[in-house]
Amino acid sequence: MPWIAPSLLSADFLDLGGAVREMEQAGCRILHLDVMDGHFVPNLSFGLPVIEAVRKRTDLVLDVHLMISNPEDMADAFIDAGADYLSVQYETVLHLDRLMDRIREKGAKPGVALNPHTPVGVLEEILPKCHHVMIMSVNPGFSGQRFIATSFDKMRKLREMAARDNLRVKIEIDGGIKPANTQDAVRAGAEIMVAGSAIFGTPSPGETFRQMQTLAEEA
C-alpha cells in the first residue's frame, strides 16, 4: 500500500509534538525528516536532538533524509537517534556500497536519494543493496518548490530497472507532491510520497493528509 509521508520540515517548529500527534490521529504510518547542513544544500534544518525528541514521542516510522556533506560521518548517530529509514544523497558519498552495508548492519533501512539532474542509471550496481530510492522532484534545500514533471519518467525507469533484476526496492518521491498529483505519482511507481507544505500549509493538516492517503490508495 502506498504511504503519504508528512514532512516535518513544513510543520510548526514551536509545536512539533502537536504536528506528530495530529498525523498519528489521522492514520499516518511514516514521518519524513529532512536534515540539512547549509553546505550540501543552501539551508539549515534540524539535527540529532530533534530526531531524538520525535523518536521519544512516536512509534511511527521515521524516514530521515540526510542532505549533508560527508553523511558517512553521521549515519551511525542518526540511526542511534531513531531513524528507521536513512537516505543519503548519491552525490555526496564516495564509498556508497560500504555505507549501504553499514546502515543495514546498524539496523536501519538504507536508501539513496537522487537530485533532479542525476540519472537513475547510476544506481545500476548499488540497487540490490537499497531498501528504497528517493527521487528528488525539486532541487533539495527548501520546501514549497514547483514539481519537476520529468521526475515521473525517472520513477518509471527505476521501476523497470528493479523489475528486470527482480529486486524489491521501494520508490519514494520528495518535492511538490500535493492532492492534484498524488495519484499520478502512484501510477508512476511511487510507494512513499513525501508531502510538506501541501499538508502543513493547509488549515487542517490532518484532514489533508487523510485526503492524500485516500487518493494514493485509490490510484
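The model is predicted.

## Helix 6

Helix 6 spans residues 179-188. Its buried residues are Asn181, Thr182, Gln183, Ala185, Val186 and Ala188.

Strand 3 covers residues 61-67. Seven of its seven residues are buried, so the strand is largely enclosed by the rest of the structure. In a regular strand, side chains alternate between the two faces of the sheet. Here both faces are covered. Val61, Asp63, His65 and Met67 lie on one side. Leu62, Val64 and Leu66 lie on the other.

Strand 3 pairs with strand 2 (residues 30-36) through seven bridges, and the two run parallel. Within this pairing, Met36 stands opposite Met67. The chain goes from strand 2 through helix 2 to strand 3, a right-handed β-α-β crossover. Strand 3 also pairs with strand 4, again in the parallel sense, over four bridges. Strand 3, helix 3 and strand 4 form a right-handed β-α-β unit.

## Asp63

Asp63 sits in strand 3. Is this residue buried or exposed? Asp63 counts as buried because its relative accessibility is 0%, and the cut-off for buried is under 20%.

Its side chain makes a polar contact with the side chain of His32, at 2.8 Å. Asp63 stands opposite Tyr85 in strand 4. Beyond residues up to four places away in sequence, Asp63 touches Ile30, Leu31, His32, Leu33, Tyr85, Ser87, His132, Glu172 and Val194. Leu48 lies 15 residues from Asp63 along the chain, and their C-alpha atoms are separated by 13 Å.

## Salt bridges across the chain

The count comes to 13 salt bridges. One of them joins Arg55 and Asp84, with the closest N and O atoms 2.8 Å apart. This pair links distant parts of the chain, 29 residues apart. Arg55 is in helix 2 (residues 48-57). Asp84 is in the loop between helix 3 (75-81) and strand 4 (85-89). Both ends are partly exposed: Arg55 has a relative accessible area of 22%, and Asp84 has 28%.

Asp101 and Lys129 form another salt bridge, at 2.9 Å from N to O. This pair also links distant parts of the chain, 28 residues apart. Asp101 belongs to helix 4 (residues 96-105). Lys129 belongs to the loop between strand 5 (109-114) and strand 6 (132-136). Asp101 is partly exposed at 29% relative accessibility, and Lys129 is partly exposed at 28%.

Arg210 and Glu207 meet in a salt bridge at 3.2 Å, N to O. Both lie in helix 8 (residues 205-218). They are three residues apart, about one turn of the helix. Arg210 is partly exposed at 36% relative accessibility. Glu207 is partly exposed at 43%.

Technical notes. Residues numbered from 1 in each chain as written. Predicted model: local features only at pLDDT ≥ 70, side-chain atom pairs only at ≥ 80, totals over all residues. Heavy atoms only, no water. Salt bridge = Lys/Arg side-chain N within 4 Å of Asp/Glu carboxyl O. Buried < 20%, exposed > 50% of the residue type's maximum accessible area, 1.4 Å probe, protein only. Contact = heavy atoms within 4.5 Å. Polar contact = N/O pair within 3.5 Å; in protein donor to acceptor, adjacent residues only side chain to side chain. Pairing = 2+ DSSP bridges. Right-handed = clockwise from strand over helix to strand, strands pointing away.
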